[in-house]
Amino acid sequence: MPGNDTPRAASVWRLALAAIVRHRVAATILFLMVFPWLVPYHALAINILIWGLFALGFNLLYGYAGLLSFGHAALLGVGSYGCGIVIVHFGWPWYVAILCGIAFASAVAYVIGFLAIRTRGIYFSMVTLALAECVYYIFYKWESVTGGENGLRGINVSTINLLGFEINFLDPVNKYYVMLGVVAIALWIFSRILASPFGAVLETIRENDARAAACGYNVANTKLMAFVLSGAFCGVAGALRALHLSTVPVEVLQISTSGDVVMMALLGGFGTFFGPFIGAAVFQLFGDVLTLWTTHWQLYLGATFIVFVLFFPRGIWGSILHWLRVAKS
Amino acid sequence: MSDILVAEGVGKKFGGFVALKDVSVSFARDKLSAIIGPNGAGKSTFFNVISGAFPASSGRVTFEGRDITALPTHEYARRGIAKSFQITNVFPQLSAHENVRVAAQMQKTRYNLWTPRARIRELIAQADDLLERVGIAAKRNSVARDMAHGEQRCLEIAMALACQPRLLLLDEPTAGMSPEETVRMMDLIVRLAAERTVILVEHKMKLVMGICQQLVVLHHGELLAQGSPDDIRANDEVKRVYLGQGKH
């Protein structure tokens with residue numbers, strides 16, 4: 001009978017979902033492993049992978065600590081420049097360059113966070129935005145190091161040596177899987193942080209920061225730590241982006257980057273582990289597929305975004321999780 | 001060292017409004033004390049000053065002989081002073097158990113980024129014990145927001161106890177409770193006071209007369225009287241404020 005069939009099908013979905021949520025790192029990595037074969041071309045998959053990681057880092061601050069930053073362009077951009085500069089100017093190997101990207105982005109996150117956490121709500125967003133603009137102008141003007149308006153060029157990593165194997169890094173499939181290795185480590189660390197006692201403190205600050213302080217937690221310090229950690233993850237994304245593009249366009253530091261990542265996190269579902277990747281995929285696919293038909297793709301993206309904010313504020317992944325959990329009770 | 005908390009000449013101004021004026025009170029260790037007074041007497045302001053919600057404008061507060069007047073809020077819990085709020089104040093989207101577990105965690109680990117919470121069994125057990133003690137163990141996995149008002153108040157007390165405080169401050173713990181819930185809450189408070197110093201703010205004088213060892217009466221932001229319930233009952237000033245002029 002179809003009447004019997006439906007609840008059973010729903011319960012299978014729910015079990016599957018429970019398994020995905022429980023093993024969120026493994027599930028996300030598995031998905032990302034097959035992902036390049038699901039999109040029109042491999043370079044797009046790399047883009048989505050990088051933006052997904054960027055949105056994940058942003059989500060640590062917004063989704064888990066409740067702080068809406070409009071200055072994350074600075075963290076992605078500085079991660080890119082940090083990685084690119086040490087390759088172009090010092091010829092350091094790619095993996096050290098990634099670590100430099102992380103260090104640079106974390107340091108900038110510390111400065112922006114230190115100044116911004118004194119404010120709350122919309123003021124926090126505005127201060128982060130203003131400070132990110134400062135970062136943009138510094139990199140724009142500091143031509144000798146950053147290439148200024150032309151961007152930083154010549155980040156040429158054509159082959160990489162991985163445990164004795166020479167890998168052709170220009171091949172998009174190789175590039176994707178090497179980067180996925182880095183993203184996998186980041187995902188694992190991210191998940192550990194969320195599950196840790198510190199992750200619990202972040203949630204309490206999002207929920208009720210006065211109570212968190214009364215429990216003995218230093219709210220300002222915790223927020224600053226979250227900002228720096230968010231910067232570190234965005235720095236990884238930035239470094240990978242520099243390696244992917246072989247250049248750092250100065251536009252990465254512009255305000256639109258900060259806006260894009262907010263949209264991706266909201267579309268995918270803020271405060272969810274997998275949501276940022278879904279949001280990044282939808283965002284990038286919209287841009288990629290719709291430009292074939294119309295130059296006004298952002299109009300359609302914007303309309304979709306408004307529909308989500310108004311009717312599905314949990315975002316795509318957040319709504320799916322919510323519906324299947326509600327169906328249970 | 002028989003007095004655990006001492007307020008000396010504490011005053012608080014909000015702009016031009018004087019909410020507290022020169023209040024000097026000592027609270028005895030291991031006693032159950034209550035701060036009472038009519039509406040607008042400055043009870044909550046005084047409570048907020050001694051619990052670290054905001055600093056006094058003048059005077060000083062010492063806890064176990066150390067000045068705590070200007071400490072940031074989070075330092076209070078670390079030094080052994082825990083409080084419950086007048087308006088229920090929990091983490092609404094977390095489960096009852098997680099509310100208490102995260103409060104207990106402060107003693108042990110604050111910035112551990114690596115060990116999964118589920119593996120720190122000691123804290124999990126401690127939170128379960130505390131839920132049991134305040135009588136809401138059955139609600140362990142309920143989301144705090146969905147719990148009844150009285151249960152949320154008990155949850156708050158469990159969270160305060162999780163800091164293992166030597167001084168427990170409760171701001172109108174029975175506010176908005178049904179008569180049965182009130183009786184249960186007062187029982188709980190008496191039991192808690194057997195093991196530590198408890199100071200509570202209460203609007204209803206009758207409620208605390210029978211159980212407290214020390215009473216502090218505030219009126220118009222000033223100290224009106226302090227002493228044992230019998231002293232207070234016999235005090236003419238208190239009678240005039242509470243009985244003579246009726247309720248205001």
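In this predicted model, strand E3 (residues 32-36) of chain B runs parallel to strand E8 (residues 197-202) of chain B, and the two are joined by five bridges. Within this pairing, Ser33(B) has Ile199(B) of E8(B) as its bridge partner. E3(B) is also paired with E9(B), again in the parallel sense, here over four bridges. In that pairing, Ser33(B) stands opposite Gln214(B) of E9(B).

These strands belong to an open sheet of six strands in chain B, with mixed pairing and the order E6-E7-E8-E3-E9-E10. Strand E6 (81-84) and strand E10 (222-227) of chain B form the edges, each pairing on one side only. From one strand to the next, the twist averages 15°. As a reminder for reading such a sheet, strands pair through backbone hydrogen bonds, in either a parallel or an antiparallel way.

E9(B) runs antiparallel to E10(B), with five bridges joining them; Val217(B) has Ala225(B) as its bridge partner in E10(B). The two strands form a hairpin with two residues between them, and His220(B) in the turn has a positive phi of about 50°.

Two helices of chain B lie across strands of this sheet. Helix H1 (residues 43-51) of chain B lies across E3, E6, strand E7 (167-171), E8 and strand E9 (214-219) of chain B, and runs at about 150° to E7(B). Helix H6 (residues 179-193) of chain B lies across E3, E7 and E8 of chain B, running at about 150° to E8(B).

At the level of domains, chain B is divided into domain 1 (1-80 + 167-185 + 197-248) and domain 2 (89-164). The centres of these two domains of chain B, taken over C-alpha atoms, are 27 Å apart. Eight residues from domain 1 of chain B and six residues from domain 2 of chain B make up the contact. On the domain 1 side, the touching residues comprise five nonpolar, two polar and one charged.

Turning to the meeting of the two chains, 21 residues of chain A are in contact with 26 residues of chain B. On the chain A side, helix H8 (172-195), helix H9 (197-207) and helix H10 (209-214) each supply at least two residues, and H9(A) gives the most, with seven residues. By class, the chain A side has twelve nonpolar, five polar and four charged residues. H9(A) is itself mostly covered, with nine of its eleven residues buried; among them are Phe198(A), Val201(A), Leu202(A) and Ile205(A). The buried residues of H9(A) pack against helix H3 (42-64), H8, H10 and helix H11 (219-245) of chain A, together with helix H3 (96-108) of chain B.

Elsewhere in chain A, helix H4 (residues 72-90) and helix H6 (residues 121-141) pack at an angle of about 30°, with their axes 9 Å apart. H4(A) and H6(A) are therefore roughly parallel to each other. Here Ala73(A), Ala74(A), Gly77(A), Val78(A) and Tyr81(A) of H4(A) meet Leu131(A), Ala132(A), Val135(A) and Phe139(A) of H6(A). The residues of this contact divide into eight nonpolar, one polar and no charged.

Methods:
Residues numbered from 1 in each chain as written. Chains lettered and ligands numbered in written order. Predicted model: local features only at pLDDT ≥ 70, side-chain atom pairs only at ≥ 80, totals over all residues. Domains from an automatic or database assignment. Contact = placed C-beta atoms within 7 Å. Nonpolar A, V, L, I, M, F, W, Y, C, P; charged D, E, K, R; others polar. Buried ≥ 20, exposed ≤ 12 C-beta atoms within 10 Å, placed from the backbone. Pairing = 2+ DSSP bridges. Axes fitted to C-alpha atoms, helices over the stretch in contact; angles between N-to-C directions. Parallel < 35°, antiparallel > 145°, perpendicular 65-115°, else oblique.
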